[in-house]
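Grab a pencil and work through the exercises below. Try each task on your own before you read its solution.

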Amino acid sequence: MRHGKYPLIVTFLVPPLLLYGIFVLSPYLQAFQISTTNWLGYSAEADFVGLENFATLLRDGYVWNAIKNNAILLLVLPLVTIGLGLFFATMLNMGGRRGRAGVVGVTGTAAYRLIYFFPQVLSVVIIAIIWREVYHPNNGLLNASLGALGINGPSWLGDPRFAFWCVLAVLIWSNVGFYVVLFGAAMQAIPRDIYEAVMLDGASRFVTLFKVTIPLLWDTVQVAWIYLAIAALDGFILVQLMTNGGPNFSSDVIGLRMYDTAFGSETKFGYASAIGVVMFFLTLSVAVLALRAARRDRIEYS
Amino acid sequence: MTVLDRAPAGAAPARKTDPAPRRETGVANAFSHGFLLLWGLLTAFPLLWVLVSSFKSDAEILGDPWGLPSALRFENWARAWTEANIGQYFLNSTIVVAGSLTLTMFFGATAAYVFARYDFRGRQIAYYLFVGGMMFPVFLALVPLFFVVRNAGLFGTWTGLILVYAAYSLPFTVFFLTAFFRTLPTSVAEAALIDGCGHFRLFFRVMLPMARPGLISIAIFNFLSHWNQFILPQVLMQGDDSKWVLAQGLAALAINQGYEGDYSGLFAGLTLAMLPVLVVYVAFQRQIQSGLTAGQLK
């Protein structure tokens, strides 16, 4: 590979770099710059205002309300999703452990895996619309069932007490399947002799799960955590389509705040970019924190 | 091993020969099956409900959400396909995704190949520049992106969407494929070069075919994410609804049919959007599951 490699490097690298530079890098860089102006969108004027947008942001109750909701998502979404994911993956991959082969899946594992993964291939828009209909106060699936039991169901997405939790439930619903498959794949990679040894020692199912399986899966769980944390900070499309942040801002999230500020009735692009910058640093710190918190001694078994 | 192991029945090397586990039943198993079944129902039922409702009349949908349709009303589907333009949006999505996927795969493969196989000044910097894009939320770029696309005269065009989809898929695609190209044996490449194969021919005739499994995984991943993209078209394809992609069209359909009370049309539209994806998924579930899990992990 000595001569003639430069023509190839140039032709192969320059077009992707250009595309990436124009549509990805430059917008990111511009966002930081715009966040220090008072630009109102389509007008040409944009004055430099320094950190004024960030100061406004600190006093903006709507933003804080949205951040509070994101914080709840950040706490609940990874916890419940990973919990359910681990639970179902364990059932599927080692639920039927009475066989002499040590650990085997329950019957019908393939079918379960197929079904659980459904939401993962559907678009968020479809998921949002389906669930809006399920939650529909009069003719939704949920209230029709409650009605059959003689209970008068609330108007789920129209009720500030429930709206946010309803959206959160859908977020969990749509994510669990993916983690079942992910953890399942990681479990398959654990050598069987480890389980045989543990079983010979007479360990129970739960001891095996908590002392063997989960420690060996720790790397995967950690990645899942980061990924879900980022999803929790985002979560905006689902909110926008299901409740649009309402009723009365009860289900608002920071992404939606930014979107509305930029593309809503007033086009406050400067302020919206400031929210974006805050989101950027929040995401970054969550990822770093998650990596730190989850760091443990790595277990090698290969 | 095999010779020694003939004695106690309990210790036979049973890994593959073991017939269906004996007394697999018992409390624990009923328990696990119960939960598994419950979640399966919870996942599948809403989708099934949409399918069933798509055949109902509006009166049936409003009056009895749990009931079965009294007839298979395919006219709901026809109405959604033509009047609600689902057919048009489908076509638009197909055009955009075909373009963006081709572009992503080509640029992703060439860039990754160079990063994985050639040494040159600034390689590290360029690589991390690319891969760094994975870390940032799309949000941050949304506002400036709007103007970048508008100033380029690409606002509200498919070309604009195609370029933007491709640009935002590049970081992950390059990351994934660079790792993949590194795993391919160098000996083949060296042999080809000695035999007088040029660098370009080497890529197209030798390396690209060898990288096929990796290319397929990442293509599936990108296909689903492009097909399901919502936020980018929402920002970059405002206005002219004849060019909307499927996700936008569905969101609009949900709002309109809600006002008009045409619930059967909405459910039919949802079914039309959902079915092809699910059918393809069921057919290629193994590749899709492993592609997506390999994809989202690093």
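## Exercise 1: Annotated spans

UniProt, in an unreviewed entry, lists residues 30-52, 89-115, 127-149, 155-181, 202-224 and 263-284 of chain B as "transmembrane region". UniProt positions follow the numbering used here, with shortened feature names, and such annotations may be inferred rather than shown by experiment. A word on the ground rules: this is a predicted model, where local features need pLDDT of at least 70, side-chain atom pairs count only at pLDDT 80 or more, and totals for chains, interfaces and linings use all residues. Residues are numbered from 1 along each chain as its sequence is written, chains are lettered from A and ligands numbered from 1 in the order in which they are written, and side-chain values use heavy atoms, leaving out hydrogens and water.

**Task.** What are the helix content and the end-to-end C-alpha distance of residues 30-52 and 89-115 of chain B?

**Solution.** 
- Step 1: helices (H or I, at least four residues) and strands (E, at least two) are DSSP runs, numbered from the N terminus.
- Step 2: residues 30-52 of chain B are 100% helix and 0% strand, with end C-alpha atoms 30 Å apart.
- Step 3: residues 89-115 of chain B are also 100% helix and 0% strand, and here the end C-alpha atoms lie 37 Å apart.
- Step 4: Residues 114-131 of chain A come out at 83% helix and 0% strand, with 21 Å between the end C-alpha atoms. For residues 224-243 of chain A you get 90% helix, 0% strand and 27 Å.

## Exercise 2: One side of a helix

**Task.** Which residues of helix 8 of chain B are buried, and what do they pack against?

**Solution.** 
- Step 1: Buried means under 20% relative accessible area, exposed means over 50%, and partly exposed is in between (1.4 Å probe, protein chains only).
- Step 2: in helix 8 (residues 186-194) of chain B, the buried residues are B:Ala189, B:Ala192 and B:Leu193.
- Step 3: these residues sit on the same side of helix 8 of chain B, because they cover an arc of only 100 degrees around the axis. The arc is that of the directions from the helix axis to the C-beta atoms.
- Step 4: an α-helix has 3.6 residues a turn, so residues three or four places apart point the same way.
- Step 5: the partners of the buried residues are helix 4 (86-117) and helix 9 (199-210) of chain B, where contact means heavy atoms within 4.5 Å.
- Step 6: after helix 8 of chain B comes B:Gly196, with a positive phi near 95 degrees.

## Exercise 3: Ring pairs

**Task.** How many aromatic pairs does the structure hold over all chains?

**Solution.** 
- Step 1: rings of Phe, Tyr and Trp (its six-membered ring) pair if their centres lie within 6.5 Å; planes under 30 degrees apart count as stacked, over 60 as edge-to-face and the rest as tilted.
- Step 2: the structure holds 56 aromatic pairs over all chains.
- Step 3: take A:Phe87 and B:Phe35, an edge-to-face pair at 5.5 Å centre to centre with 90 degrees between the planes. A:Phe87 lies in helix 3 (residues 61-94) of chain A and B:Phe35 in helix 1 (residues 27-53) of chain B, so the pair joins two chains.
- Step 4: A:Phe87 is partly exposed at 27% relative accessibility, and B:Phe35 is partly exposed at 36%.
- Step 5: A:Trp156 and A:Phe162 are edge-to-face too, with 5.3 Å centre to centre and 65 degrees between the planes. A:Trp156 is buried at 16%, whereas A:Phe162 is partly exposed at 27%.

## Exercise 4: Positive phi

**Task.** Where do A:Asn244 and A:Phe249 lie?

**Solution.** 
- Step 1: A:Asn244 lies in the loop between helix 12 and helix 13 of chain A, and A:Phe249 is found in the loop between helix 12 and helix 13 of chain A.
- Step 2: A:Asn244 is not a glycine, yet its phi is positive, about 50 degrees. A:Phe249, also a residue other than glycine, has a positive phi near 65 degrees.
- Step 3: A:Asn244 is partly exposed at 47% relative accessibility, and A:Phe249 is partly exposed at 31%.
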